[in-house]
Amino acid sequence: MFAADSGCWFTQKVLCWRAAASVAWSVLLLPASTAAFVVLSKLSVLHPVQMFADCVSVLLSAGSVFSFVLLAGVIIMVGFLTFEYYTVIPSIACSKVALLGQLLHPRQLLYCLAHGVMGVVVGWSCAVTIGYRYERLAYLCPQKDRDGLLHMCLNEHHLLLLLEGGFVGLSHSLLGVIQNLNYVSFGTVQQHKYLCFKASLPLAAKCSAAQAFYSVRNFVLLYFFLGHIPRAWMCKSLSLHLDSSAHPLDSISGLLDLSLLYLLWISATYLLFSWYMTLLLFRIFVTEAYSFPVQSTFTEEAPQCLPKVLSEKQPMILKFLALQDLSLLSQHSPSRRSQVFSLSQPGGHPHNWNAISKECLSLLADLTQRLVSYHETVATNGRTKSLSSGSDRKTSSESSGTEDLASCRPTFLMKTPASVFLRSVGAGPQSPLTSPFTPDLDSPFASPTLRQLTSPVDPGSPWHGVVQSPHVMRRAPKLWSTSTDSQRNGSPPASPATLPTPKPESSKPSFLAQFFQNRREQVKHFMAKRMLVMYLFTKLPEASSQALFADGQAHIWALDGLSYLVQASFTEDQFGVVQTTLPSILSSMLLLQEAVDRHFKLPHASSKPVRSTISLGDSSHKTLRFALRATLKTAIYRITTTFGAHLHAVQLSAEHRKRLQHFLEYKE
Amino acid sequence: MCSLTLFPPPLPDGQTTLCESNNELLSGNNTQNASPMSLHFPRESLKLHSRTESSSKAAFLDHSETLWMRSAAAWRDGGLTGLLNEITDSNSEVPKWLSVGSGCILALLRWMSSFHGSLFPHLTLSSEDMIAEFSQVLNWSDCVVRAFAWHPHTDKFAVALLDESIKIYNPKSTTTPTLKHRLQRNVAAMQWKPLCASALAVACQNCVLVWHVDPCSLSARPSSSCAQVLSHPGHAPVTSIAWSPSGALLLSASPMDTSMMVWDVAAESCVPLQRVGGGGVTFLSWSPDGSHVLASTPSALFRVWETRMWTCERWPCLKGRCQSGCWSPDGSRLLFAVEGETVIYALTFAGAPADISTSSLKGPQAAAVVADLSETTFHTEDGDLIVGGEIQSLAWDPRGERLAVLLKGDPQATNRPAIIAVFKTRTSPIFELLPCGFVQGEPGVEPRMMQFHPNFQHGALLTVCWSSGRITHVPFYFLTSAVPLVGLSGSPSLLHPLERPADFASQSLFTELLS
């Protein structure tokens, strides 16, 4: 209750204002891009004076004012949709089917539909602005019919622009899903908003021109083959006639009109550019660093303080901004660091430091657990083990259906630690299709056992969401030669790096489950032979790894924040509050290091980032795992370089001590 | 203000500087004494490439290709200019209007670029000349050792040689990895990543390479898959790179590009920071506390960036471009030298901004002259020796006690050699430079570049690369006034550098070089 409140204040007081400011700026910039569009659409090298006069008259006419108001409405709508649909954790589809599922999700369909409609509106204003033969949908037919009556005829050029707008809008929204346009990434360096915007402007222009080119090419092809359908439909519904004297546009000669193609391309570019601008401005505004107070003298402001905000789960961007602020304050501001290291006035407890370090450590522990369980899954190579308790229901429900999209649903419906990151719309349910998770689990070929294993039993507490399956627990001591006890000893009771108590071993699987299991294997074998099915269900390379590190930015900041604070504590921490947590910080970092190293040794994980093509869709999520690996190493080195030989006095297990020695000797 | 007249006279011919002890520079004439510590790369031992890229290309190009194929290849290799060139050259195969039109466009492009070049003359230089012009190394194109980099935390270093290879020397291992890469050409600078054992960034002609050399690996020839290639269109040649002291970011600069790149190396992504004035960025230096970055341009202008919000302060110079600069260890003071002037300037910055609200850069109003290095004539036994003039590079030791200045000299005049002048620096009560002495090598050999060891226990250790291909280390033994060293029990131990100069230069350092 209280937590929901504290998340709310941020949405109301900060996020909404930022979104509103970004939309306001994009509306303010609209006249400039509109003017550029008008000039480009009227472009004629031979008659510059005429062109100039045309442009001025168009820009000052009443029709253009109306269309401008309409365009402003579209921009506001786009901004609103961006605000509703943005996410700080990319949703990564692990197979073609999952991608299809994302595309066909009702929420996504609504988004596409809205963009299609807005595209038509923009197409209409473009047509009106261009004028000439594009201006009206209907005109008076030149010939009379048999009865000698005049009829209204359909202007196909106008229709073409409308349809093109809709097509570009739709393809933009669909491509947005594939390119993760809704993913908001945080920049490597902090810059002022204006400079950010100025730097990204050429990219937006380039991307929109290129994207418009491909969209127009596809649209022209589509119209060539299917153009008669919308034309006939328009004629029928508006009782318009076709001008038999005019040349139909869905023919080669009709479409090979250079000025027509140029105008189509220009208007598509204009549409995409104005939308990209809105998106860019939104990203820049919403990712601007926000400075949370470390502590407040007033109790009513306590929920807005950094230690409290860090543990928030909704909205996700609040957590991200808080972690970013933590990382910035730990690097740049000694005065705020001293507040972190301070003791509470009555009592003398380091509440601030405890809360911050606890949250960061639980983030790291969570990632470690995720990596371990993923490694388990891959190590067993998808082979089924005996079922554990609670899987009976799921097994029966799954194997009763065939291996189609429907059977994927249970997989998606699981709450994974990562899926909770996704920002849910208002109070509505979490969109199930967008939850990223490991590939084997997305694929219906994977056994339900494994799915169950990797899903936390309690979805409500994902941050304490350590793997609670008996399978993993059984192997845990074997994998991690450091016993959990030694960890406990070294860390205070408040440390979150605790492991869950193992559940009692489950009973043997029932006969029914065994039967279904066999059936399943058969179906699986049968389906594996079909090409299309294999195509749809094979994992996309790297996607699983990307999905695992989808929220890596949070971990990077947590590592940065912790290591800088520990480094600063060497000179600034007067009361020694950091010293009590140092063993658990070191051990959780080393555990994570071990898990990350193992992950990168997996055969499918590439060791270097691939070159991304230039697009506005942010591809930084693809390289997050490399950034995390580098940050982790740097963070450990930062601590070992600062403390040097003093680290020998820190209580650690023998294994970790050995590892740490490597770092002290610069041999990692 | 300190000037060269206060310096002790240079050594007579045949004497080399060995070390500083008890506040004076000691010299010796026996070169055998210094040789165990030094590393020698004779020019003859390097296998140099005799062919350039373009000549081999002509030998292999298949001229029977169709025009279409050739155009596509030209577009890929040379971009628009290459394509236009190809079309203009093959005027027998293309329609006349096309070849004439492309010829016209080409002429127009050339005219425009020459106009641009007249604004910024450095743009007309070739890549190699440009690196030689803006490098911190004296006479770069003729250097056997083109770049040198100490590891910031351990006793290993990397040496880039004229044959485009990089060798890594580590006293704790017997292997000497040699790094070679297809793109590793004309290395202008190198730097190890701080807070990391393995990453070495190399500024090459067309890109920045980041090598990951596993310190535990026994391989003598790491494969080129160990290197990350960071390139950005238009960002070549790279003449300077700088890691942030926290190891998170890498900056790279090119005189051809008005923006400097901030690389997130792990993700291989970059953020261009563009400021048009100046026409490029030639030299970068990140302050040791990480709060400021010096970025000089080919014009008479340099910038000091603040790394919190990446805003910058413009510093126009009167005479020429900023040739070199160095930061005090606490990042509060910047010393720099301007081309065409013979003085060292100092800028003092307030401490790092405390909070976001006060993040704007509050810099000084004007630079102060702290040392005058104008030409001074010393009368020695071998005749008059002129010392002084323009400054090639500056280096400040990590404790902020010794400042080494590499003076350009005059290659034509025999009595005006390039020389390293070393100052003592004092920050309290006021900042001042005091004369220490000249560092000289064997006769006829001039210093080309220098670097201080980042964590030398007994004072400062200056590593000098000479024109003969020799690399020597000159230790300066002193006690730090600010931070008393643990374990050195107050007084400096009695040194006998003339007898055993290698004793105090941490024996473990170069043991493998003895062989």
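Biologist: How many residue pairs are in polar contact between chain B and chain A?
Modeller: This is a predicted model, in which local features need pLDDT of at least 70, side-chain atom pairs count only at pLDDT 80 or more, and totals for chains, interfaces and linings use all residues. Residues are numbered from 1 along each chain as its sequence is written, chains are lettered from A and ligands numbered from 1 in the order in which they are written, and side-chain values use heavy atoms, with hydrogens and water left out. A polar contact is a pair of N or O atoms within 3.5 Å; within protein, one must be able to donate a hydrogen and the other to accept it, and residues adjacent in sequence count only if both atoms are side-chain atoms. With both residues at pLDDT 80 or more, the count between chain B and chain A is three.

Biologist: Which element gives the largest share of the side of chain B that touches chain A?
Modeller: Helices (H or I, at least four residues) and strands (E, at least two) are DSSP runs, numbered from the N terminus. Two or more residues each come from β12 (227-230), β15 (259-264) and β16 (269-274) of chain B. The largest share, four residues, is that of β12(B).

Biologist: How much area is buried between chain B and chain A?
Modeller: The size of an interface is often given as the accessible area lost when the parts come together. Buried area here is what two parts lose on being put together, with a 1.4 Å probe, summed over both. Contact (heavy atoms within 4.5 Å) joins 35 residues of chain B to 28 residues of chain A. Carbon and sulfur atoms give 59% of the buried area, which is about 2800 Å².

Biologist: Which residues of chain B lose the most area to chain A?
Modeller: One of them lies in the loop between β9 (189-192) and β10 (199-203) of chain B and has a positive phi of about 55 degrees although it is not a glycine. Together the residues in question account for 21% of what that side buries, and they are B:Leu195, B:Arg308 and B:Met309.

Biologist: Where does B:Pro237 lie?
Modeller: The peptide bond from B:Ala236 to B:Pro237 is cis, with omega near -5 degrees. B:Pro237 itself is in the loop between β12 and β13 (240-243) of chain B.

Biologist: How far apart are the C-alpha centres of the two domains of chain A?
Modeller: An automatic or database assignment sets the domain bounds. Domain 1 covers 9-287, and domain 2 covers 299-381 + 540-607 + 616-665. Their C-alpha centres are separated by 44 Å.

Biologist: Which residues of domain 1 of chain A lose the most area to domain 2 of chain A?
Modeller: The two domains of chain A bury about 2400 Å² between them, 70% of it from carbon and sulfur atoms. Together giving 25% of what the side of domain 1 buries are A:Trp9, A:Ile92 and A:Phe186.

Biologist: How many salt bridges join domain 1 and domain 2 of chain A?
Modeller: A salt bridge is a side-chain nitrogen of Lys or Arg within 4 Å of a carboxyl oxygen of Asp or Glu. By that rule, the count between these domains is zero.
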